[in-house]
Amino acid sequence: MPKEYRTISEVAGPLMLVKDVTGVAYNELGEIELQSGERKRCRVLEISGTDVLVQLFESSVGINLSNSKVRFTGKQMELAVSEDMLGRVFDGLGRPADGGPSIIPEKRLDVNGTPINPAARRYPEEFIQTGVSAIDGLNTLVRGQKLPIFSASGLPHAELAAQIARQAKVLGSDDKFAVVFAAMGITFEESDYFIQSFKDTGAIDRTVMFVNLANDPAIERIATPKMALTAAEYLAFDKGMHVLVIMTDITNYADALREVSAARKEVPGRRGYPGYMYTDLASIYERAGRKKDCEGSITLIPILTMPEDDKTHPIPDLTGYITEGQIILSRALYRKGITPPVDVLPSLSRLKDKGIGEGKTREDHRDTMNQLFSAYARGKECKELMVILGEAALTDIDKLYAEFADEFEKTYVSQGSFADRTVEETLDIGWQLLKILPRSELKRISDKYLDEYYD
Amino acid sequence: MNYGTITKISGPLVVASGMKNTNMFDVVKVSDLNLIGEVIEMHGDDASVQVYEETSGLRQGEKVVSTGEPLSVELGPGLIGSIFDGIQRPLREIVKLCGTNLPRGIEVPSLDREKQWVFEPSVAVGERVFGGDIIGTVQETDVVSHKIMLPPDKSGIIKEITGGTCTVDDVVAIVLDEKGQEHGITIMQKWPVRKGRPYSKKLSPKEPLITGQRVIDSLFPLAKGGVAAIPGPFGSGKTVTQHQIAKWADADIVVYIGCGERGNEMTDVLNEFPELIDPRTGKSLMERTVLIANTSDMPVAAREASIYTGITIAEYFRDMGYNVALMADSTSRWAEALREMSGRLEEMPGEEGYPAYLGSRLAQFYERAGRVESVGKNPREGTLSVIGAVSPAGGDISEPVSQATLRIVKVFWGLDSSLAYKRHFPAINWLTSYSLYTNALSEWFKNNISEEWNSLRDTVMLLLSEESELQEMVKLVGIDALSPEDRLKIEAARSVREDFLHQAAFHETDTYTSSHKQYLMMKLVCEYYEKSREALANGADINFISSLAVREKIGRFKYVKEEETEDEFENIIALLEKELCGEEKED
């Protein structure tokens, strides 16, 4: 029987100080019992002598310094996992939230996970066809990659993420797949959009959901991504499934992290976010990947909204330094009616080079990709120039580039939320567009491919 | 044995009491899990320990035992081709023992204890030897002959020395010191990471580190023994540039530290390097590479140690007389680890929460680079070049880590996201980057590559800077308002950018360019510029000059194989002259 403490001496925000505690472990999970019998979860954040600072995972409403009791469970935070989780909905702390019964656990896993030995990782290189040209053609996603979507309020990131979840497939394989969806602080409507979209395609039976909505306690969110990734690790590395994890919205998670840090009166880093936010985010994102001797994979698509559309804000900035690229959505394109409004120039997939080319997509993929990028960049420059100086100021070749940039946005990037293009279609559209330019301009493409596809 | 008990736990910081007999920076074992930590502060009886592993599950009252030794690395045969964590635990061995994820508190010797090496003595019995002297060699890989040196603190007369197969633990020689004491010498030695290895004197760098990357070698060269920084926002190609240098630099040994970066990047190196062939030795690149990995999900305190572990290994090879290149990707993560510990220690923060000693720590680290003459009676000259990536928040280099780095380094390769968006790689901005070694190295380029090298370089740099001014003007008044001479400059500068500076890391030929080919490439662009200028003066039309067919050939010259460059160069020059003459005749 674990000891009960009635020595809560301070409660402030998400933190609570318990005195005269002995024998608890750092990071141990605790339980607070209110007079009403209600129980709340917390974890040990710092031990100093016999004073223990704990962080609540739920709101502090009803905690009473004189008669609430604290028990330490002797365990880390754990998640009960089994294959029956597929098709179920859980709350942000991993408790069933769909009215269904509890999971009969096959095992219980520590949600913090352990780092993957870099010598045991398998390099991600299997092309995932998402059916979205801006991704498949230019910012290719591969199995085991972590590729975030940098969005902003009012942009259709949910549609894009749902489209990817719906259409994603690895060509020529019918491996077991699953989707793990973690919602952190999003609205009911947004969450419902995802659920409906999974239902429409039947993917719901292969989906595990962890949902913390905007009106759920903010600090509960700190555990949500860890819950989701623990479930994903179990499905991927124990059960050999290929798991796509979608997390939305990382910004809310980071804000919850800041709340705890501020309550602890830590020295803040940029914009009040804690100095260890890089490490904290990395401990989430780095759980994606593939391992040697394991069948499955975890492909991670976190979604974050950039405050004020600012890419240098700490949340997108630190994310970009950890993840293997980013898909950036642009308000300017969205206003032009381009869906998905993917801004391809600042978007990037770092792992694309190993996932494309002969045997994976098509041999001309790399060259055309580079050419499309540089032509679009030059086209956009020409268009800027045109705005200032008028069309007459452009040379003939620059006019072609400007035309190319317009066509590129209209036909290549814009495809709507329901078009599912094969990679061949995407590449062929690319060639159609490149034909706007004279052959001598296509310096990034080998003659071999120009002979075959250009003429 | 001293031991104390835990009184406080806060993330990677543990405070233990009852520790007054421990030394500062001693390694301690924390709790029964045997987590490794290092004493970083003493207050009376209390020691603050930074723990190199995850501290979840530690309890008050658990034991903290001092080992009485500072954090050290094992130096000896077996380093090359290995991948270690931040405190030199061999990651491949850990996979074999514990599977794919990293456990805590595991103890594995850094160097393989079982492996047999062949030791060939190079000193005889009775010979007098001093610290740092080479007493024999072990052929570690096909490429690296591992020189076995007497540890710097030992000297005396060789009493016994035996060649043949041995393990790193076997005593291969006995040295009798002045006091008549015998010391057994193994082919492995230990050295504390926070202390630079001694050398007899430091020299100024004088040779370039040839990397095969055109923008680096031609425009902003790094000297062997120099230090360079690559700051850039995410996605601008820091890691690719570091990998390219690790692959192609003409160093004998490469130490690559992945410090707080992505796990897959280390995997990439592990997969790719064994298959890549070093153009100079014809052997696999892995046979000269040592990897240190503290990926971003690995414990943060070990990140702080990882760069010291790496540079100590690099210094050890430097002492053998090798040219060593060390890459640290990224020093910002190291600085953040410092900041996190500093915060936990409740120190008064400096700028942006970084500790006030950030600048001096960085300087101490970079100053361990250099061209030195080793200790010992037959001094060897070795170099240690350091290339540090910096990841400034938001790509803004006004932040403390970038600024502290810039105060020290002599070469600055500034990566630019706008170049990266255009897929101009390497995205090293030619206007903001600099190398303070240009003058010191000009002599070498003149003598070894070409008399013209330095003047070509100056022409290219001038074209690029003039272009940026002209482009400003074009934005205001349009290209037609420029004089034909200025339009030619823009055309020539475009050729410099697209045909010379742009280099595809993933193209089999383009990935590495010899200095000679770089010279030919610069020469081609400059010839085009000079010849066109003459033609222009003789009344040729600028539109004709900018659309010469030969320009496509100049553009494709980078894809010409090294052995065919000379012929192709002659062809292009001839063609250029022919095309320009054709115009003059028409007039």
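Which residue lies over the face of Y273(A), and at how many Å from the ring centre?

Mentor: Happy to! The residue is R258(A), which sits over the face of Y273(A) at 4.2 Å from the ring centre. For such a charge-over-ring case, NZ of Lys or CZ of Arg must be within 6 Å of the ring centre and within 35 degrees of the ring normal. Before we go on, keep in mind that this is a predicted model, in which local features need pLDDT of at least 70 and side-chain atom pairs count only at pLDDT 80 or more, while totals for chains, interfaces and linings use all residues. Residues are numbered from 1 along each chain as its sequence is written, chains are lettered from A and ligands numbered from 1 in the order in which they are written, and side-chain values use heavy atoms, with hydrogens and water left out.

The whole structure holds 19 aromatic pairs over all chains, where rings of Phe, Tyr and Trp (its six-membered ring) pair if their centres lie within 6.5 Å, with planes under 30 degrees apart called stacked, over 60 edge-to-face and the rest tilted. Take Y321(A) and F234(B): their ring centres are 5.6 Å apart and their planes stand at 75°, so this pair is edge-to-face. Because Y321(A) belongs to helix α7 (residues 314-322) of chain A and F234(B) to the loop between β19 (227-231) and α3 (238-248) of chain B, the pair joins two chains. Helices (H or I, at least four residues) and strands (E, at least two) are DSSP runs, numbered from the N terminus. Y321(A) counts as buried at 2% relative accessibility, and so does F234(B) at 6%; buried means under 20% relative accessible area, exposed over 50% and partly exposed in between, using a 1.4 Å probe and protein chains only. Within chain A, ring pairs also link F181(A), Y193(A), F194(A) and F198(A) into a cluster.

Chain A gives 79 residues to the contact and chain B gives 75, contact meaning heavy atoms within 4.5 Å. About 6300 Å² is buried between the two chains, and carbon and sulfur atoms give 50% of that; buried area is the accessible area (1.4 Å probe) that two parts lose on being put together, summed over both. On the chain A side, Y26(A), Y321(A) and K443(A) lose the most area to chain B, together 13% of what that side buries.

K265(A) lies in the loop between α5 and α6 of chain A, with phi near 60°, a positive value in a residue other than glycine. K265(A) is exposed, at a relative accessible area of 73%. Helix α6 (residues 277-285) of chain A, by contrast, is mostly covered, with 8 of its 9 residues buried; among them are M277(A), Y278(A) and Y285(A).

D20(A) also has a positive phi, about 55°, although it is not a glycine. This aspartate lies in the loop between β3 (15-18) and β4 (29-33) of chain A and is exposed at 52%. Two cis peptide bonds deserve a check as well. One joins T248(A) and D249(A), with omega about 15°, and D249(A) lies in the loop between β17 (242-248) and α5 (250-263) of chain A. Another joins D329(B) and S330(B), with omega about 10°, and S330(B) lies in the loop between β22 (323-329) and α6 (331-344) of chain B. As background, most residues other than glycine have a negative phi, and most peptide bonds are trans.

Last, helix α12 (residues 423-434) of chain A. Its 12 residues reach 17 Å from first C-alpha to last, close to the 16 Å expected at 1.5 Å a residue, the expected span being 1.5 Å times one less than the number of residues. The buried residues of α12(A) are V423(A), T426(A), L427(A), G430(A), W431(A), L433(A) and L434(A). They cover an arc of only 160° around the axis, which puts them on the same side of α12(A); the arc is that of the directions from the helix axis to the C-beta atoms. The buried residues of α12(A) pack against elements of chain A including α10 (365-389), α11 (396-413) and α13 (447-454).
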